[in-house]
Amino acid sequence: MSQKNDTNWRLKAIMGGSAGNLVEWYDWYAYSAFSLYFANSFFPDSNPTVQLLNTAGIFAVGFLMRPIGGYVFGKLADTKGRKEAMTLSVLLMSFGSLLIAFLPGYKTIGIAAPILLLIARLLQGLSVGGEYGTSATYLSEVATKERRGFYSSFQYVTLIGGQLIALGLQLLLQRIFLTDKQMHEWGWRIPFVIGAILSLVALYLRSNLHETEAFQNKGGTAKKEGSIKELLKHPKALTTVVGLTMGGTLAFYTYTTYMQKFLVNTVGLSKDQSTTLTFCSLFIFALLQPLFGMLSDKIGRRPLLIGFGILGTLCTVPLLTTLSTVTTMTGAFGLLMAALLIVSGYTSINAVVKAELFPVEVRALGVGLPYSLTVAIFGGTAEYLALWSKNAGHESYYYWYVTICILLSLVVYIRMKDTKHTSLIESH
């Protein structure tokens, strides 16, 4: 294969894998972005914080399915191929979005409404749990060794991009097409219909992807591929994935998913101001990912992780405390960007670091399962714990909780080897 054709193939693979990832995460985040509007449709309570607490609870429960998704789709990716697992995960996400789009509210079907909402989120949790490990593995395997940090950073570009599309659609509906009343009554259903349609586009793109050479050329027997028994032969890699994810995922969900509610409930901004600010900060955050990925290809993965660990430990409490008392949009934007700049040391490279820890026969499972477990425990509960601590009158407790988790991850970053130099991706 010529160098030009080789480059074109890799770019097509990166674009195809990333586009599917973008649609999956759009569907996932549409729930969080529009929960400000549909919370009162499913939970009849006059207290808006309690309504948000209930929707955040279902958001958290959706995360509990992610380890199951990480196992099911990880095993599928390691036995049948990365492409097949990624295609099926998109189909499942599409079904969950359609269910939410046409779900009647509490006033129509009573307690069945929040129960069906929960089922839809469980299906989406299963899908997105499988998405991370398979797409992280795919993007890492199709990249060249010299540019693996750069290529794999596009997983978070599209992950954040999914959130940006959800927020961008929200801005259009808020400011141009619908009134606030229409948004609360039926407008919140629109993004879920769009998500189901976009999934068909992602399905087409993924069905035309090439399988990775690493999977095609792998040795070993079928019994070894994607099995828990084989995965447990790599205890150090497994504990490393848990440790390096804990603080990073908690910080990520704090400054992205939860931040929209924080800016409304704590800072006192309006819903559309909060959405605008979140959109602008996330757009810049997405652009930062490839830059940090390229940097990791030059200096290694470990310095970026340690930088995030140190700055996250020292700055989380001051940043969130100051942000809670800020009075201007400009001030809030500056503080939020400072936080996201710090978090980029983790988000840009965490996928490739995990993929480089495992051999090919259990790579997708090794990346997906321990990551999904950790995200379910720490990332999935971030919004709920933050709202709970606020409702209890001790919001600062949450700031310290985030700090402690980042500190624990920092210990892992300091003790681990730099996977850029010890990668197992070439070992096939």
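Contact here means heavy atoms within 4.5 Å. The model is predicted, so local features need pLDDT of at least 70 and side-chain atom pairs count only at pLDDT 80 or more, while totals for chains, interfaces and linings use all residues. Residues are numbered from 1 along each chain as its sequence is written, and side-chain values use heavy atoms, with hydrogens and water left out.

**View 1. Ser 35 in helix H1 (residues 3–42).** Helices are DSSP runs of H or I with at least four residues, numbered from the N terminus. Ser 35 counts as buried because its relative accessibility is 2%, the limit for buried being under 20% relative accessible area (1.4 Å probe, protein chains only). Beyond its neighbours within four places in sequence, Ser 35 contacts Leu 52, Thr 55 and Lys 261.

**View 2. Thr 240 in helix H13 (residues 235–255).** Thr 240 has a relative accessible area of 11% and is therefore buried. A polar atom of its side chain lies 2.7 Å from the backbone oxygen of Lys 236. Not counting residues up to four places away in sequence, Thr 240 touches Leu 357, Val 412 and Met 416.

**View 3. The largest nonpolar core, with 108 residues.** A nonpolar core is a set of buried Ala, Val, Leu, Ile, Met, Phe, Trp, Tyr and Cys residues joined through side-chain atoms within 4.5 Å. Among the members that touch the most others are Phe 34, Phe 252 and Tyr 253. Helix H1 gives the most to this core, with 12 residues. Leaving aside neighbours within four places in sequence, Tyr 253 has contacts that include Trp 25, Trp 28, Arg 66 and Gly 379.

Conventions
Helix = DSSP H or I, 4+ residues; strand = E, 2+ residues; numbered from the N terminus. Buried < 20%, exposed > 50% of the residue type's maximum accessible area, 1.4 Å probe, protein only. Polar contact = N/O pair within 3.5 Å; in protein donor to acceptor, adjacent residues only side chain to side chain.
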